[in-house]
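The sequence and the model come before the discussion.

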Amino acid sequence: MKRIILLTLVTILFGNNIKLFAQEGSVSGSRVVTTGVPFLTIAPDSRAGAMGDAGVATTPDISSQHWNPAKYAFMKSNSGVGLSYTPWLRSLIGDMNIAFLSGYTHLDDRQTISAGLTYFDLGSVQYYDENGGELELVSPNEFAFDGAYSLKLSDNMSGSVAMRYIRSDLFSGTEEYYPGNSFAADISFFYTKDFRSQGKQNNMSYGVNISNIGRKISYTEGTIEDFIPTNLRIGGAYTTEIDQYNKVMFTVDFNKLLVVAPEYGDANIGQGNQDIGPIEGMFKSFSDAEGGFSEELQEVTVGLGAEYWYSNQFAIRTGYFHEAETKGDRKFITFGAGLKMNVFTLDFSYIYTLARQSPLENTLRFTIGFDLDDFRNQSRR
């Protein structure tokens with residue numbers, strides 16, 4: 001009973017990251033590194049989503065919790081909160097959504113605490129028995145809640161540690177499978193330096209974030225365990241003034257999953273390498289590719305982005321995301337815009353895919369952020 005819909009869920013969510021994030025169907029000769037709970041790697045906000053999914057070294061914003069919590073230490077406002085919403089893979093499923101809530105507050109001039117909640121709603125799923133009869137209607141979902149502590153290590157550098165609880169309830173109403181639970185940690189650093197050149201104000205920044213360092217997740221009480229998507233993100237950004245009203249930023253991110261590849265030739269559903277632990281898998285991930293160093297380089301995705309601001313109030317953004325054909329083949333161009341008022345900011349982004357029949361095609365993201373300091377000042381007037 002219920003086998004058809006269960007197989008569909010497993011295929012979409014665990015069988016191959018191509019199915020969830022990239023092109024519909026498989027790529028000949030593909031060797032995709034698969035993990036459980038891959039929703040943790042989806043860009044949840046509009047600003048980074050409009051710049052090719054690059055955000056580890058960009059100027060701090062309300063959604064830094066996902067990209068690099070260490071950036072919060074350099075936020076000019078004392079506190080803020082933001083909410084992002086993404087209708088996900090709407091070309092495949094009409095009611096799948098991702099919501100991301102984030103916020104922060106400064107404890108003093110050096111210390112900041114922040115939190116985030118990512119909720120992945122897979123929509124309504126109708127179960128059927130082997131005879132095609134309708135059974136119950138269920139609503140699979142996943143979420144992750146995390147908190148971070150950030151500290152200014154110097155005038156130009158900060159570090160952060162985050163802790164995360166992950167819960168994945170994909171097989172509601174079944175007896176064979178159970179909700180998966182896991183705990184993870186992030187370690188991140190951010191460096192930023194202002195300087196003047198040819199009479200103009202400039203900034204260089206760098207960021208690194210190792211995210212989702214934690215235990216494997218299981219839906220079968222430990223008989224089969226999947227790695228969670230431990231990820232290394234490194235990037236840089238350069239911002240320069242054009243004149244007193246205009247400035248532009250360029251940024252680049254490099255990502256690599258620190259997860260040992262499945263044993264090729266298996267069903268490729270994450271069941272290989274069950275005897276390898278998460279920490280051991282992080283180190284082995286740099287030398288596990290069958291094709292050697294050249295294939296390891298193919299496992300690195302690249303995000304390029306640019307952002308233009310007029311008078312610190314209106315922004316236009318674009319970017320490009322690249323993934324090797326044998327590792328998922330995600331290739332898309334992104335666009336977006338932002339509006340910053342005294343109390344709130346509004347952002348949106350759009351994905352234009354470079355491959356036919358991609359589930360990511362025409363994906364939109366929306367983000368609204370509130371500066372709580374300005375809100376309190378406005379309310380006092």
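R164 and D146 meet through their side chains in a salt bridge, with an N to O distance of 3.1 Å; a salt bridge here is a side-chain nitrogen of Lys or Arg within 4 Å of a carboxyl oxygen of Asp or Glu. R164 belongs to strand β7 (residues 157-169) and D146 to strand β6 (residues 141-152), so this pair links distant parts of the chain, 18 residues apart. Strands (E, at least two residues) are DSSP runs, numbered from the N terminus.

The model is predicted: local features need pLDDT of at least 70, side-chain atom pairs count only at pLDDT 80 or more, and totals for chains, interfaces and linings use all residues. Residues are numbered from 1 along each chain as its sequence is written, and side-chain values use heavy atoms, with hydrogens and water left out.

**Salt bridges**

R164 also forms a salt bridge with D186, at 2.7 Å from N to O. Because R164 lies in strand β7 and D186 in strand β8 (residues 180-197), this pair ties together parts that are 22 residues apart in sequence. R164 has 8% relative accessibility and therefore counts as buried, where buried means under 20% relative accessible area, exposed over 50% and partly exposed in between (1.4 Å probe, protein chains only). D146 is buried as well, and D186 is buried with a relative accessible area of 2%.

A further salt bridge joins D253 and R233. D253 is in strand β13 (residues 246-257) and R233 in strand β12 (residues 231-241), 20 residues apart. Both D253 and R233 are buried.

| Pair | N to O distance |
|---|---|
| R164 and D146 | 3.1 Å |
| R164 and D186 | 2.7 Å |
| D253 and R233 | 3.1 Å |

The count of salt bridges comes to 14. R47, D61, E307, R317 and D347 are linked by salt bridges into a network.

**Aromatic contacts**

There are 8 aromatic pairs, a pair being two rings of Phe, Tyr or Trp (its six-membered ring) with centres within 6.5 Å; planes under 30 degrees apart count as stacked, over 60 as edge-to-face and the rest as tilted. F321 and F332 are stacked, at 5.0 Å centre to centre with 5 degrees between the planes. F321 lies in strand β15 and F332 in strand β16 (residues 331-340), so the pair ties together parts that are 11 residues apart in sequence. F321 and F332 are both buried. F143, Y165 and F183 make up one aromatic cluster.

**Strand β2 and its partners**

Strand β2 (residues 97-106) is largely enclosed by the rest of the structure, because 7 of its 10 residues are buried. Two strands pair if DSSP finds at least two bridges between them. Strand β1 (residues 79-87) pairs with β2 in the antiparallel sense over 9 bridges, and L83 stands opposite L101 in β2. On β2 and strand β3 (residues 111-121), the antiparallel pairing runs over 10 bridges, with I98 opposite F120 in β3. A hairpin of 4 residues joins β2 to β3.
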